[in-house]
Structures are given as structure tokens and as C-alpha cells.
Amino acid sequence: MDFVLTLVNGLSLGGIYAMIALGYTMVYGIAKMLNFAHGDIIMVGGYTVLIFLSINPILAIVASMIFCLLLGIVVEKVAYKPLRGASPLAVLITAIGVSYLLQSLALIIFGAQPEYVIIADLGVLNIGEISIGYNTIITLVSTVIIMIALTLFVKYTKIGRAMVAVSEDKDAARLMGININMIITITFAIGSSLAALAGVFSLLKVPTITPTYGSMPGIKAFTAAVIGGIGSIPGAMVGGIFLGIVECICNSIPELAPYTIAIEFLILIVILLVKPSGILGKKRREKV
Amino acid sequence: MKNLAVTLKKVKWKHFINYIAIALVIAIFTPLSLGGSLPLTSRLLLEKIAMNILLALSLSLVVGFLGELSLGHAGFMCIGAYLGGKVALLLETNFNGDNSIVPFILALIVGAAVAGLFGFIIGLPALRLKGDYLAIVTLAFGEIVKTVFENSSEGTFGGPKGLKTPRFDNIYLFIIGFFLVLLCIFIIQNLIRSKHGRAITAIRDNEIAARAMGINVTKYKLVGFIVSAAFAGAAGVFYSFANNYVRASVFDYNYSIEILIMVVIGGMGNLTGTICSAVAVTFVNTKLQTMLTGDLAVLKDIVYALILVVIIIYNNAPALKGFREKYNFRNLLNKLFKPKSSTDKDDEGAWHRVPTKIAMDEVLSIDLKVVESTMNPDKEDKS
């Protein structure tokens with residue numbers, strides 16, 4: 001029975017990781033950059049919810065998604081767009097700078113002490129001896145819906161196919177008349193609003209928020225995206241759930257609990273060494 | 001006499017400027033410290049500066065010259081700090097003399113060697129991975145090291161409470177630190193200016209081309225990581241002696257970012273710049289620590305983050321290339337100090353390094369650009 005509970009916990013956590021990883025994997029697949037600030041956008045989303053919560057919870061969620069969408073676009077336009085075509089190292093360091101900036105701004109505005117953000121008390125569903133929080137169910141269901149919607153979006157819409165084209169070959173896509181900058185901006189917008197949503201779900205699970213709240217889940221979600229195969233939308237889901245379950249299993253064993261982060265990162269390193277393309281990813285050949 | 005003058009003229013002073021600067025620091029502050037007129041705060045500041053120069057220089061080797069981003073530099077430092085501290089603790093009982101330098105040297109060697117070994121281990125994935133993936137592996141490594149030391153048992157490394165280490169004799173510590181810096185400059189500078197260094201920068205600029213030219217990429221990447229990690233470890237040992245307390249939570253991701261900021265501000269791949277920025281950043285941080293309290297202390301981080309982003313965009317944005325070549329700090333310096341560039345040619349000893357940064361993309365994409373400009377003349381305007 002304990003094991004089932006751990007599994008349910010893992011699913012709940014994994015759903016959140018999967019949601020963040022979906023945004024990560026889209027941005028990485030299309031812009032070919034590791035957006036370190038992605039995790040901090042979750043944090044910004046959480047604080048936006050906090051500000052608007054007194055008016056209406058639903059409004060707060062919508063507001064946080066819109067705000068993060070705009071923030072994602074602004075960050076992309078100001079910090080990443082000028083560096084398109086520059087060395088990957090430069091883009092990576094800029095992303096770290098943006099992440100650091102967002103954290104420091106949040107720290108100066110909201111302070112370092114944790115804030116409590118209780119969006120709604122959703123209650124618990126009892127099936128026999130197992131009780132599952134409704135937040136777990138909502139998280140999982142929405143993640144699956146979003147994953148399916150994104151897959152369909154990428155496969156069947158014009159913009160989605162343009163995204164695939166850009167991720168395959170930027171120059172060829174440009175020659176086909178695709179506006180690459182617009183596609184990348186749209187990707188960032190989608191990724192950032194998904195990050196906001198992930199922030200909402202994790203607040204439903206644990207209702208506290210600090211300025212560094214997003215950085216660790218962000219890095220873990222990247223781990224999830226890598227495990228699933230970066231650039232693959234179902235892969236992000238698989239990786240997220242896998243990582244969530246691993247984390248909860250480790251946490252449930254007293255001897256392993258302190259080393260949970262180390263174990264997760266060890267899995268990341270091993271996967272990167274053994275199969276860098278992940279579970280569902282495609283292998284890429286490097287060209288000169 | 002004339003010969004000596006000619007020889008002195010031929011010496012490339014910029015090769016020695018780092019040594020001279022550090023030697024001057026030692027020469028000025030050693031007598032002051034021995035005379036007892038150097039206040040404790042200045043001594044602590046000097047210790048910190050020496051440590052940060054070591055860290056920044058060693059990271060510069062990986063980021064600036066090897067062209068890979070390491071986000072786990074604090075992890076290497078953590079290993080050095082814990083192991084060095086532990087060795088010194090074990091030796092303390094055997095060396096009771098106050099001024100004995102032996103335990104310090106031994107601790108330094110052990111700390112640097114073990115950190116170097118871990119540099120080798122982290123260098124192994126670097127052979128298969130690069131860029132974003134490698135950055136995340138180094139980050140993961142830093143976190144793993146931190147977690148392992150945090151959860152060690154109290155008897156071995158002190159556990160979450162940290163390890164109490166013997167503080168090395170106060171007055172000499174910063175001097176030792178600066179001698180370490182000298183050693184670090186000597187090794188890194190000679191590595192960079194040798195055949196090996198050119199191989200390392202060639203790998204940075206184009207790994208496939210470097211491999212095609214017969215450069216042993218495996219070897220040079222590993223050398224870069226090992227040397228960098230060993231000096232970070234040495235800095236860690238130094239830290240453990242300067243603070244007489246080592247706690248794993250200090251060596252987190254943010255610490256690695258702080259070192260990265262020093263390297264970026266100083267100019268990636270520029271040792272003198274890195275030293276200057278390490279000194280400046282440490283000095284400003286220490287001064288601000290007393291001036292800004294509470295939430296205001298974050299202002300400093302905001303400024304650093306902005307500087308980081310602005311410098312990187314300014315130095316790397318393709319759109320700013322023309323501007324950069326026209327208004328450039330180096331050009332400005334050359335104009336100020338060398339009004340006539342023709343005098344350089346008379347000097348037989350002067351040799352000019354060919355820029356290693358070959359814009360391969362430009363060379364290979366000429367066809368594409370021609371097609372683009374004839375078929376879609378308005379494409380560039382839209383974007």
C-alpha cells in the first residue's frame with residue numbers, strides 16, 4: 001500500500017516536471033538553446049498568482065500565464081535574439097545571466113522569506129485505502145491533454161510544421177519562406193505560459209514560494225527532458241513522470257532520501273553518456 | 001650595455017605583466033604585514049582576492065580557452081576544501097610548530113590532486129558531450145559533490161554541520177595565496193602560449209577542423225579540465241585554511257556563477273583581464289557587504305546579472321560586429337600608446353599571431369547567401 005502511495009506521489013510530482021519539461025523541450029528543440037531562465041519563469045508565474053489571488057483564483061492563473069507569456073517574449077527579444085548565430089557558449093551564459101537577474105529581482109521585490117499561496121483547497125479522492133489529491137489528478141490530466149494538444153499542434157497546423165522545419169534546418173526553413181524569428185518567439189511564448197501553468201500546479205501541491213523556487217525544478221525538468229529525449233514532446237512526458245517517480249521512491253527510503261538529488265543527477269549523467277538522445281529522441285549527426 | 005637595452009626592448013612585456021603585478025603585491029604587503037601595520041580586514045581581503053584570482057584563472061582555462069561552460073567549478077573547490085582540511089586535521093597532531101608550512105603544502109597537494117582527479121572524471125563526459133549538455137553535467141556534478149559532503153558522517157567530513165579545519169598562521173596566509181597565484185599564472189600562461197595552448201584554442205574554435213588537423217582532442221580536453229580542476233581544488237584548500245571552517249552549502253551553484261561572472265567581466269580568454277576583474281569584483285563585494293544590508297544587498301546581484309548579459313551580447317552579437325571592430329578597448333589602447341604602427345615592422349623579434357578564430361560558417365555558407373539575396377531580397381528587412 002505504501003508503494004502505491006509513493007507511486008501516486010511520484011505521478012503528481014512527475015506531472016509537474018513533465019509540464020515544465022514540455023516547455024523546455026520545445027524551446028531546446030527549436031531555438032537549440034538551454035533556456036536556464038525557464039525555471040525562473042515558473043517562479044515569476046507563482047508570484048503573479050500571489051498578486052492576483054485576492055481578486056479571483058481563476059483570474060490569477062490566467063493572469064500569470066499571460067504575464068509569463070509576455071515575459072518569455074521580452075526575454076527572447078532582448079537577450080537571446082541579438083545572439084542568434086553567435087557561439088552557443090555566449091547564449092548559454094546570457095541565459096544564466098537572465099536567470100540570475102530574474103531571481104535577484106524577485107528577491108528585492110518579494111524578499112527572501114517564503115510566501116504562502118493557497119490557490120484552492122481541492123480535497124482528496126478516496127479509492128479504497130488510497131487517497132489521491134484532486135490536484136494530482138488535475139495535474140496529470142492537464143499534462144496529458146497539453147501533451148496531446150501540442151503533438152497535434154506541431155503535426156497539423158501551419159505554425160507547428162514550421163516549428164519542425166526550423167528545428168530540422170534553419171537555413172532551409174528560411175528559404176521556404178518561414179519567418180524564423182517569429183517561430184522562435186512563438187515557441188518561447190508557448191514554453192513560458194506552460195511554465196506558468198507548471199508553477200500553478202506545483203503551488204497546488206506545495207503552497208509556498210521563494211525567489212529560488214523555480215531553479216531546481218527547472219534543472220530537474222531539463223533532466224527529465226534529456227531522459228525522455230530532448231526535442232520530443234511525448235519524451236518530455238515520459239521523462240517527467242519517470243523522474244517524479246524516481247524522486248518519490250528515493251525519498252521514501254530513509255537511507256537514500258538525503259541523496260535524492262545526487263541520484264537524479266547521476267541518472268542524468270549516465271543517460272547522457274550512454275544514450276544522449278534519450279528514450280524517445282532521435283539521433284543527430286554533427287555537420288561542419 | 002647596448003645589448004642589454006636591445007634585449008629589454010625585445011622582451012614582450014605583456015607576457016610578464018601578470019607576474020610583475022602579483023610580485024609587486026607580494027613585495028608591498030609582505031613587509032607591511034610582518035611589521036604589523038596591516039589591519040586584519042585588509043589581510044582577510046587579500047586572502048579572498050588571492051583565492052578568487054585562483055578560481056577565476058582556473059575557470060578561465062575551461063571557459064575562455066577550451067570554450068566549454070563549467071557550472072560545477074565550486075564543486076572542485078569543495079573537494080579541495082574538504083580533503084585539504086581533512087589532511088591538515090590529521091597532520092595537525094604531528095606538526096605542532098606554529099610556523100610549519102609542511103601540513104599546508106601536503107594538504108594543498110592532496111586537495112589539488114584529488115580535485116584534478118575529479119576534473120579528469122568530469123573531462124571524460126566532455127569528450128562525448130559539449131555545450132549545453134556538458135554545462136548541465138558539470139552543474140549536476142557540483143550538486144552531487146555538495147550533497148555527498150553534506151550527508152557525510154560526522155566522523156569523516158563533519159556532515160551537515162561542516163568540518164572544522166585548522167587555520168593556518170594568519171600573517172603568512174595571503175602571501176602563500178599570492179605565491180599560489182604566481183604558480184597558477186605560470187602554468188596556465190605557459191600552457192596557453194605553447195603548442196598545447198594553440199591546440200586547445202583550435203578545439204574551441206572548431207573541434208571537427210582541429211580533429212582533422214590531427215590534434216588529439218581527447219588529450220587536450222582532459223588536460224584543460226584537469227589543470228582547471230586542480231587549481232580550483234588548491235583554491236579550496238586555501239579557503240579551508242583561511243576560514244577554518246568548511247561547509248558544503250557554501251559551494252553551491254551560485255558560487256560557480258559568481259566565478260563565471262569574474263571570468264566574463266575580465267574577458268573570456270584574457271588572463272590579465274580575468275585577474276583584474278577578480279580583484280575588482282572581490283573588492284567591490286567586500287566593500288558593499290558592509291554598506292548594503294538586508295534586501296539592498298541584492299542590488300549588487302542585479303547589477304552583476306545585467307553586466308553579464310550586456311557584456312556577452314556586446315561581445316558576441318553578430319549585428320554589433322562592425323561597431324565592435326571600430327570602437328574597441330584594445331584599439332583605443334593601441335592608439336594611445338603606439339601612435340605609429342610602422343615601427344613594429346623594424347623589430348625582428350616581433351611576431352604577430354594569426355587570429356585563430358576562423359569564421360567557418362561564413363566560408364561555407366557563401367553559396368547560400370548568394371541564393372538568399374537574389375531570391376528573397378526583402379527577407380532580411382522583415383526579420
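Trainee: Is Phe104(B) buried or exposed?
Mentor: The labels rest on relative accessible area: buried is under 20%, exposed is over 50%, and partly exposed is in between, with a 1.4 Å probe and protein chains only. Phe104(B) has 1% relative accessibility, so it counts as buried. Before we go on, this is a predicted model, where local features need pLDDT of at least 70 and side-chain atom pairs count only at pLDDT 80 or more, while totals for chains, interfaces and linings use all residues. Residues are numbered from 1 along each chain as its sequence is written, chains are lettered from A and ligands numbered from 1 in the order in which they are written, and side-chain values use heavy atoms, leaving out hydrogens and water.

Trainee: How many aromatic pairs are there over all chains?
Mentor: Rings of Phe, Tyr and Trp (its six-membered ring) pair if their centres lie within 6.5 Å; planes under 30 degrees apart are stacked, over 60 edge-to-face, and the rest tilted. The count over all chains is 16 aromatic pairs. In one of them, the ring centres of Phe104(B) and Phe241(B) are 4.6 Å apart and the planes stand at 55°, so this pair is tilted. Phe104(B) lies in helix α5 (residues 102–128) of chain B and Phe241(B) in helix α11 (residues 217–243) of chain B, so the pair links distant parts of the chain, 137 residues apart. Helices here are DSSP runs (H or I, at least four residues), numbered from the N terminus. Phe241(B) is buried too, at 3% relative accessible area.

Trainee: Which residues do ring pairs link into a cluster?
Mentor: Tyr24(A), Tyr28(A), Phe222(A) and Tyr133(B) form that cluster.

Trainee: How should I read the interface of chain A and chain B?
Mentor: Interface size is often given as the accessible area lost when the parts come together. Here buried area uses a 1.4 Å probe and is summed over both parts. Chain A and chain B bury about 4700 Å² between them, 75% of it on carbon and sulfur atoms. On the side of chain A that touches chain B, the elements giving two or more residues are α3 (57–80), α4 (88–110), α7 (170–175), α9 (215–228) and α11 (260–274) of chain A. The largest share, 14 residues, comes from α4(A). As for contact (heavy atoms within 4.5 Å), 54 residues of chain A meet 51 residues of chain B.

Trainee: How many salt bridges does the rule find across the interface of chain A and chain B?
Mentor: Side chains of opposite charge can pair when their charged atoms come close. The rule asks for a side-chain nitrogen of Lys or Arg within 4 Å of a carboxyl oxygen of Asp or Glu. Across this interface it finds zero, and over all chains eight.

Trainee: Which residue pairs could I look at?
Mentor: Glu76(A) is buried at 1% relative accessible area, whereas Arg84(A) is partly exposed at 24%. Glu264(A) and Lys220(A) also form a salt bridge, at 3.6 Å, N to O. That pair joins helix α11 of chain A, with Glu264(A), to helix α9 of chain A, with Lys220(A), 44 residues apart. Glu264(A) is buried at 1%, and Lys220(A) is buried at 9%.

Trainee: And in chain B?
Mentor: Arg204(B) and Asp205(B) form a salt bridge, with their closest N and O atoms 3.1 Å apart. Arg204(B) is partly exposed at 31%, while Asp205(B) is buried at 16%. Salt bridges with shared partners also join Glu68(B), Glu207(B), Arg211(B) and Lys221(B) into one network.

How values were computed. Buried area = accessible area lost by both parts, 1.4 Å probe.
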